[in-house]
Amino acid sequence: MRETRTSAQEAAEDVFFGQAVMIWARWFLIAGSLILALWTVDRVAQVVIGTLPIVGLMAMNFYLHGRYLAGRPANPVLIGMASVLDLAAITIVVLLWPGHRGLESQFFVMYYPIVLAFAFVMPRKAAIAYTVAALGAYTGACVIGGISSFTGPDGTSVDMGSLEVLVMRLITLAAMGGLGTYYWRIQRNRRRSATDGTSVVQADPVGA
Amino acid sequence: MYRHLQDWNDGADDLNYGQGVIIAARWILVMAGLMLAFWNPGEIAELRFQIVLVLGLSVANFYLHSQVLMGKRSIPAVVLGASAADIAVISLIVATQGGFASNLYVFYFPALLALSVTFRTEVAVAFAAVTVAVYAGIASFALPADDGQVLVTRLLILAAVAICGNMYWRIERDRRQAAAKVMEDLNPVVREEVAVA
C-alpha cells in the first residue's frame, strides 16, 4: 500500500512524539549543572551568577514540558530555539565558569545528552548542523577560555596531551550526533515498512 | 537467562536494527582508540595492552558486522556478550589510566547510547546501572577530595544518555505498533471495497 503521509507530516510527528526525549535531556542538563554550580564554587556571588542561567533553563523547560503534558507540544521552531539556547548556555559556562575554564571545565559532559536528543528528533540535516555547531562551540570555548591549556612549558609549543583530550571529546560528541541521526533514520525506515507490510531487514540490514 | 531478558519474538527485530548502531559505535571506539594510542603513547607496556585490546575488539566487531551484512539474525547472547565486552574494555582502559583522572570515560557515552536503543528497557537499565556502578567504583579509588560533585555529574550524565536513548526506543516502538495496527484494521476494509468493485 502506498504511503499517504508527506515527509513534512512525518517530520512534524517526529517532533511531536520525540520532544519528550529533548525535555528529559534538558532536565538532566539542569540537574547536572546545578550540582556543579552549587558545589564547585565557594563564593555567594559565584553561586548566584551560576544559578541564574540554570533558573532560565528551568523556566523554559517548565513551559515546554507543560505544553507537552497538556497535549500541545511545541513546534519545531520553538524546539530549535530552545536547543540553541541549551548550546549557548553550556558553552558560556565552559567559557566563563570561575576556576576551571575551557578544556579544564567539567561542564562539557552536558553537551552529550543535548546533542543526542536533538539528533533523535530532528531531520538529518538539522541534526548534522546542530552537532557541528556543538563541536565548533566547544572547540571555540576551549581555545578562547583556556588557551594556556594547549601550550607547553615554554609557552609557545602545542601541548599534544591537551590536544589529544580535546580530539577525544570531539570524536565522542560527534559520535552522539552521528549515531543519534543514524538510529533516527533506521526508525523512520522501520515505521514506513510497518505501514506497507514489507521488511527492510533484507534490503537494508543496517539501516543505511 | 538472556531469553527472559530479550524475548526473541518481540525483540528480535529491535536487536537486528539496534545492532547496526552498536557496530557503528564500536568502529568509532576502535578507530578513536587506535588513533589516541598512537598519538601520544605512554609506557610501552600500557601501549601494548591498549593495542591488543583495541585490535581484539576490531576482530570481534568485524565478525559481528559480517553476520549483519550476510543477513543472519542476531543471537541475543552474542550481542549481549559483545556489549558487555565493550563496557569491560573501556573500564579496563580507564582503570589502567588512573580512574577518575582518565579522560577516556567519554567513550562510555556512545557505548551506552548504542545499548540503550538496542535492548528492551529492563536489559538497558541493567546494563546502564552496571556501567555507572563500575565507573563509580573505578573512579572512587583515586578520587581527589574536592571532586566528588564532578564524579556525581559524570555518573548522572552517563545515566541520562542511557535513559534518553531507551525513552526514544520506547516512543518509536509505540509509534510503529500504532502504525501497524492502523494498517491491520484498514486492510480488510480495503479488500472488501476492492472485491465489491
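The crossing of helix 1 and helix 2 of chain A is left-handed, a word used when the near helix is turned anticlockwise from the far one by less than a right angle. This is a predicted model, in which local features need pLDDT of at least 70 and side-chain atom pairs count only at pLDDT 80 or more, while totals for chains, interfaces and linings use all residues. Residues are numbered from 1 along each chain as its sequence is written, and chains are lettered from A and ligands numbered from 1 in the order in which they are written.

Helix 1 of chain A packs against helix 2 (residues 44–69) of chain A at an angle of about 160 degrees, and their axes are 10 Å apart. Because angles over 145 degrees count as roughly antiparallel, helix 1 of chain A is roughly antiparallel to helix 2 of chain A. Helices here are DSSP runs of H or I with at least four residues, numbered from the N terminus, and axes are lines fitted to C-alpha atoms over the stretch in contact, with angles running from 0 to 180 degrees between N-to-C directions.

Residues are in contact if their C-beta atoms, placed from the backbone, lie within 7 Å. Among those of helix 1 of chain A that meet helix 2 of chain A are A:Ile23, A:Trp27 and A:Leu34.

Turning to the two chains, the contact takes 46 residues from chain A and 42 residues from chain B. Helix 6 of chain A gives the most to the side of chain A that touches chain B, with 19 residues.

How values were computed: Helix = DSSP H or I, 4+ residues; strand = E, 2+ residues; numbered from the N terminus. Parallel < 35°, antiparallel > 145°, perpendicular 65-115°, else oblique.
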